[in-house]
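Biologist: Could you take a close look at one part of this model for me, the salt bridges and the strand that carries them? I'd like the pairs themselves, then whatever surrounds them.

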Amino acid sequence: MKKKLLTILVCAAVMLTTACDKSGITSTPSDSSSTSTKSSSESSKSESSSSESSTAESESSSTESESSTTENESSTTTESESSAPENGATETDGFVHGNVAQSSYSSEFLGIKADFADGWVCAADDMLAENNGVSDMSAENVNSALDTKAILYELIATTEGISNVNIVIENLNITNGGKALSGEEYIELAFDNVTASFKNLGIEEVDAEKSKINFLGSEMACMKTKLASQGQEMVQVMIPINKGAYMGIVTFSGETEDDITSAMTMFKSI
């Protein structure tokens, strides 16, 4: 039962951004592709706008065509003179996977690191790649996964007991139309659907609240959840970390609140 519930909790973190009418955030479980949602009225407005602007676009196409050669020559020069950051992508052009060792984790992109206590083990990159449906955790593959599925397993750390920590990355370009969200906004939009997801997964009792918590040296928005199923009680805290077009959701799970507090102390800002 413990292993089963542990698996459910990890899956629930991935399903944090379930369909929400208020934001357009779509359900993105790890084994399916994510698609953006639009209401029929929005679609009609878009088609109407496209029709009205077609004449203007046609009139301006000649001017654009004349300037394209100059722009292409300029872009070639600019690209050859510039070079990409040594560690790969930035917040605006892609996600960068952190460094995962057996008992440590660090991410310059998210600005966090963790040295795990005895008894904790991090899933290696090959395991993360398998869960993400890619051959490895290279920059090309992780960004391809985020661009198609919108969700990526970044870290899974477990103990022999129930306690676990995982980090999931979400591509807001897909799930929220490219609009960045604060932690508070993210929790507000996802709250009802996360609660429903737990219940749909067979958790008998779900008691959730929107709250604040001290993490990484500052007060952050979070969702606290108490879960009970088949006589077993667990607690979980989900903390979103905004990084522009990406959201990192750090999820702590354990039997008691003390388990959560203990796990959180292993994380620091970098």
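Modeller: Start with K212 and E184: they form a salt bridge, and their closest N and O atoms sit 2.5 Å apart. K212 belongs to strand β7 and E184 to helix α6 (residues 183–200), so this pair links distant parts of the chain, 28 residues apart. Keep in mind that this is a predicted model, so treat that distance as a computed one. Neither end is hidden away: K212 is partly exposed at 37% relative accessibility, and E184 is partly exposed too, at 41%.

There's a second pair to go with it, and a search of the whole structure finds two salt bridges. This one joins K210 to E188, with 3.1 Å between the closest N and O atoms. K210 is in strand β7 and E188 in helix α6, so the pair ties together parts that are 22 residues apart in sequence. K210 comes out as partly exposed at 41% relative accessibility, and E188 is partly exposed with a relative accessible area of 39%. As a general point, side chains of opposite charge can pair when their charged atoms come close.

β7 (205–215) pairs with strand β8 (residues 218–229) in the antiparallel sense, over eleven bridges.

Zoom out and you'll find β7 and β8 in an open sheet of seven strands, ordered β4-β5-β6-β10-β9-β8-β7, with antiparallel pairing. β7 stands at one edge and β4 (121–122) at the other; each has a single partner strand, so one side of each is left without a neighbour in the sheet.

Further along that sheet, strand β5 (residues 151–158) and strand β6 (residues 164–171) pair in the antiparallel sense over seven bridges, and A157 has V165 in β6 as its bridge partner. The loop between β5 and β6 holds I162, which counts as buried at 3% relative accessibility. I162 and S253 are 91 residues apart along the chain, yet their C-alpha atoms are separated by 7.4 Å.

A patch of negative charge gathers on the surface from E204, E205, D207, E209, E233, E257 and D258. The elements that give two or more residues to the patch are β7 and α7 (257–264), and β7 gives the most, with three. On the α7 side, E257 is found in that helix and is exposed, with a relative accessible area of 51%.

To put it together, β7 carries the lysines of the K212–E184 pair and the K210–E188 pair, runs antiparallel to β8, stands at an edge of the seven-stranded sheet and gives three residues to the negative patch.

Technical notes:
Residues numbered from 1 in each chain as written. Predicted model: local features only at pLDDT ≥ 70, side-chain atom pairs only at ≥ 80, totals over all residues. Heavy atoms only, no water. Patch = residues over 30% accessible without salt bridge, like charges linked within 9 Å, V, L, I, M, F, W, Y side chains within 5 Å. Areas by Shrake-Rupley, 256 points an atom, 1.4 Å probe, with all protein chains shown as cover. Salt bridge = Lys/Arg side-chain N within 4 Å of Asp/Glu carboxyl O. Lys, Arg positive; Asp, Glu negative; His and termini not counted. Charge placed at Lys NZ, Arg CZ, Asp CG, Glu CD. Helix = DSSP H or I, 4+ residues; strand = E, 2+ residues; numbered from the N terminus. Buried < 20%, exposed > 50% of the residue type's maximum accessible area, 1.4 Å probe, protein only. Pairing = 2+ DSSP bridges.
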